[in-house]
Amino acid sequence: MKLMKKTGLIASVVLVSGILIHAVSNEKIEDKAPVTKGYFFPAEIDFAGEKTPLNIIDVKERLDRELLVNANLDASTLLIIKRANRFFPVIEPILKKNGVPDDFKYLAVAESALMNATSSAGAKGFWQFMADTAKERGMEVNDVVDERYHLEKSTEAACKYLLDAYKKFGSWTLAAASYNGGFGGVNKQITIQGVTDYYDLLLTDETARYVFRILALKQIMKNPVQYGFDIAPAELYQTIPTRKLEIDSSITDLASFAKSQGINYKILKIHNPWLRDRKLTNPTKKKYVIEIPTTGY
């Protein structure tokens with residue numbers, strides 16, 4: 001009898017404990033329940049002042065696809081927004097100076113996520129230039145110096161390409177598409193299909209998605225809260241102030257040079273990624289500008 005009472009008491013305690021644990025567990029689950037991400041489809045949108053015809057069904061659905069995909073690449077899109085706060089102030093004035101619409105900064109986002117990336121084909125930098133194309137556009141590319149990794153110089157080169165493309169096609173949207181599909185590739189399809197509007201062309205899947213991805217990134221980055229990216233200003237990556245040092249001679253050891261400037265080799269390479277070797281050989285006395293950060297290290 002005592003054993004039965006004891007067993008009953010234990011069962012009661014276990015039952016009550018189970019209820020309490022279940023209640024606490026539910027409370028924790030509710031506290032940590034994911035917030036539904038925001039989503040907003042714009043009534044209208046344009047690229048570089050050229051209106052996107054959302055009345056065309058496939059155009060609307062292609063934009064919807066890219067908005068949904070990029071709005072739900074949580075970590076990637078969040079990092080892009082953070083980086084933009086640091087790098088857009090470098091890119092924007094160069095575009096403006098060259099007469100290239102501001103929307104093309106989102107092309108750089110689509111190309112590289114605002115990183116000095118390397119593609120499987122060997123394109124490099126924020127603007128993803130192949131070596132031969134970079135040289136054609138006036139950049140130095142070798143084992144010691146690769147200006148595809150130089151944000152200002154590669155942006156200048158991208159502007160030259162885009163201005164040439166606009167002159168050829170008479171459309172900033174087609175100029176953007178040609179950055180992915182090439183002058184020849186886009187022009188060939190215009191000739192074959194007999195249409196001169198990007199939104200009327202049947203292109204390769206990558207080029208067909210390309211402008212829509214740029215549009216989606218523009219929409220999300222201009223309206224981050226609507227897409228669930230509510231970022232405090234302090235969380236954005238800030239511009240790091242630097243002093244510029246002009247060099248017209250060789251540097252035999254960049255690690256020693258960095259120390260002479262009050263920094264280390266790692267910091268020197270982070271701020272001057274176009275320096276590709278452990279030294280800078282400069283037999284022609286070319287003038288290079290090396291950036292030395294004044295804070296943040």
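In this predicted model, Glu66 and Arg209 form a salt bridge through their side chains, with an N to O distance of 2.6 Å. A salt bridge here is a side-chain nitrogen of Lys or Arg within 4 Å of a carboxyl oxygen of Asp or Glu. Glu66 belongs to helix α2 (residues 57-71) and Arg209 to helix α9 (residues 205-222), so the pair ties together parts that are 143 residues apart in sequence. Helices are DSSP runs (H or I, at least four residues), numbered from the N terminus. Glu66 counts as buried, at 2% relative accessibility. Arg209, at 26%, counts as partly exposed. The classes rest on relative accessible area: buried is under 20%, exposed is over 50%, and partly exposed lies in between (1.4 Å probe, protein chains only).

Residues are numbered from 1 along each chain as its sequence is written, and side-chain values use heavy atoms, with hydrogens and water left out. Because the model is predicted, local features need pLDDT of at least 70 and side-chain atom pairs count only at pLDDT 80 or more, while totals for chains, interfaces and linings use all residues.

The whole structure holds 15 salt bridges. One of them joins the side chains of Lys97 and Glu156, at 2.4 Å, N to O. Lys97 sits in helix α3 (residues 74-98) and Glu156 in helix α6 (residues 151-169), so this pair ties together parts that are 59 residues apart in sequence. Lys97 is exposed, with a relative accessible area of 59%. Glu156 is partly exposed, at 22%.

Asp102 and Lys105 also meet in a salt bridge, with 2.8 Å from N to O. Asp102 is partly exposed, with a relative accessible area of 35%. Lys105 is buried, at 7%. Elsewhere, salt bridges link Glu140, Glu147, Lys153 and Lys286 in a network. Side chains of opposite charge can pair when their charged atoms come close.

Helix α9 also contains Lys218. This lysine is buried, with a relative accessible area of 9%. A polar atom of the Lys218 side chain lies 2.7 Å from the backbone oxygen of Asp46. Neighbours within four places in sequence aside, Lys218 is in contact (heavy atoms within 4.5 Å) with Asp46, Asp103 and Tyr106.

Terms used: Helices (H or I, at least four residues) and strands (E, at least two) are DSSP runs, numbered from the N terminus. A polar contact is a pair of N or O atoms within 3.5 Å; within protein, one must be able to donate a hydrogen and the other to accept it, and residues adjacent in sequence count only if both atoms are side-chain atoms.
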